[in-house]
Amino acid sequence: MQDQRAELEWRDGTVPVSTRFDDPYFSLDNGLAETRHVFLGGNDLPARFRDGFHVVELGFGTGLNFLTAWAAWRAAGVEGRLHFTSFEAFAMGCDAMEKALAAFPEVADLAAQLVASGGGSAEFEDAMLTVIAGDARETLPKWDGKADAWFLDGFSPAKNPELWGADLMAEVARHTVPAGTAATYTAAGVVRRGLEEAGFTVTRTPGFGRKRHMTRAVLG
């Protein structure tokens, strides 16, 4: 597949915004706090962490979600290795990634390792990152892995509907372990219905910042 790069502009010089989808890559309030609330809290992490725990994500973006999960893994003192797989159609260049992640000094050490590794698939001492390039509607059905927890983090359903369709949510379910979980910042009805139709039990919970609600889901 032809390599496609993210097209960016910068808000306040620090927040990357996709010009293709007219949507910021992370919360304008606090991207790190949002990731902790939505994706860690929404998947009951780090309490569920164990050696080989597999987080799978739709939308790698700046890599902030991976870094947040990795930092939580280290802080929890879990023995072994975290597995993190992300599907990304429009990869961000390393320079842009480094600039975006500079806003989060709490994960600066891990961010430096990610950027130094090339900003994509890499093996670290206690984490294995796999970034799968291309449209997830094409790449996820061919993938042979299973997620313990999903970070559903595409751009908003209104601007990036391709990453939230019922067919893709069915693939998410098919690639989830029994009683596995998923979380997303959006509470859009189309997303909740897609997850329910795929076999998840879905709940709407308080969102982060300006978002009133978010979505949590458990398979089965």
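Helices (H or I, at least four residues) and strands (E, at least two) are taken as DSSP runs and numbered from the N terminus. The model is predicted, and local features need pLDDT of at least 70, side-chain atom pairs count only at pLDDT 80 or more, and totals for chains, interfaces and linings use all residues. Residues are numbered from 1 along each chain as its sequence is written, and side-chain values use heavy atoms, with hydrogens and water left out.

Two residues other than glycine have a positive phi and are described here together with a cis peptide bond. Ala 179, in strand E9, has a phi near 65°. For Asp 22, phi is near 50°, and this residue is placed in the loop between strand E2 (15-18) and E3. Asp 22 counts as partly exposed because its relative accessibility is 46%; the classes are buried, under 20% relative accessible area, exposed, over 50%, and partly exposed in between, with a 1.4 Å probe and protein chains only. The cis peptide bond joins Leu 45 and Pro 46, with omega about 15°. Pro 46 belongs to the loop between H1 and strand E4 (54-58). Most residues other than glycine have a negative phi, and most peptide bonds are trans.

The largest nonpolar core contains 68 residues. Such a core is a set of buried Ala, Val, Leu, Ile, Met, Phe, Trp, Tyr and Cys residues joined through side-chain atoms within 4.5 Å. The residues with the most contacts inside the core are Leu 58, Phe 66, Leu 67, Trp 150, Leu 152 and Phe 200. Helix H2 (residues 64-76) supplies the largest share of this core, seven residues. Beyond its neighbours within four places in sequence, Phe 66 is in contact (heavy atoms within 4.5 Å) with Phe 60, Phe 84, Leu 114, Phe 124, Ala 127 and Leu 129. In soluble globular proteins, nonpolar side chains tend to be buried together.

The largest pocket has a volume of about 810 Å³ and a lining of 40 residues. On a 1 Å grid over the protein atoms alone, a cavity is a set of points where a 1.4 Å probe fits but cannot get out, whereas a pocket is an open set with protein on both sides within 12 Å along at least five of seven lines; lining residues have an atom within 4 Å of a point. Grid points are joined across faces, edges and corners, and the volume is the space filled by probe spheres set on the points. Asp 23, Pro 24, Asp 153, Gly 154 and Phe 155 are the lining residues nearest the centre of the largest pocket. Two or more lining residues come from each of strand E3 (23-24), helix H1 (31-40), H2, strand E5 (82-88) and helix H5 (136-139). H1 gives the most, with three residues. The lining comprises 16 nonpolar, 12 polar and 12 charged residues, where Ala, Val, Leu, Ile, Met, Phe, Trp, Tyr, Cys and Pro count as nonpolar, Asp, Glu, Lys and Arg as charged, and the others, Gly among them, as polar.

Glu 123 lies in strand E6 (residues 122-123) and counts as exposed because its relative accessibility is 58%. Apart from neighbours within four places in sequence, Glu 123 is in contact with Arg 81 and Met 128. The side chains of Glu 123 and Arg 81 are joined by a polar contact of 3.1 Å. A polar contact is a pair of N or O atoms within 3.5 Å; within protein, one must be able to donate a hydrogen and the other to accept it, and residues adjacent in sequence count only if both atoms are side-chain atoms. The C-alpha atoms of Glu 123 and Arg 81 are separated by 9.8 Å, and the two residues are 42 residues apart along the chain.

A polar atom of the Thr 186 side chain lies 3.1 Å from the backbone nitrogen of Ala 188. Not counting residues up to four places away in sequence, Thr 186 touches Pro 157, Trp 164, Val 191, Met 214 and Thr 215.
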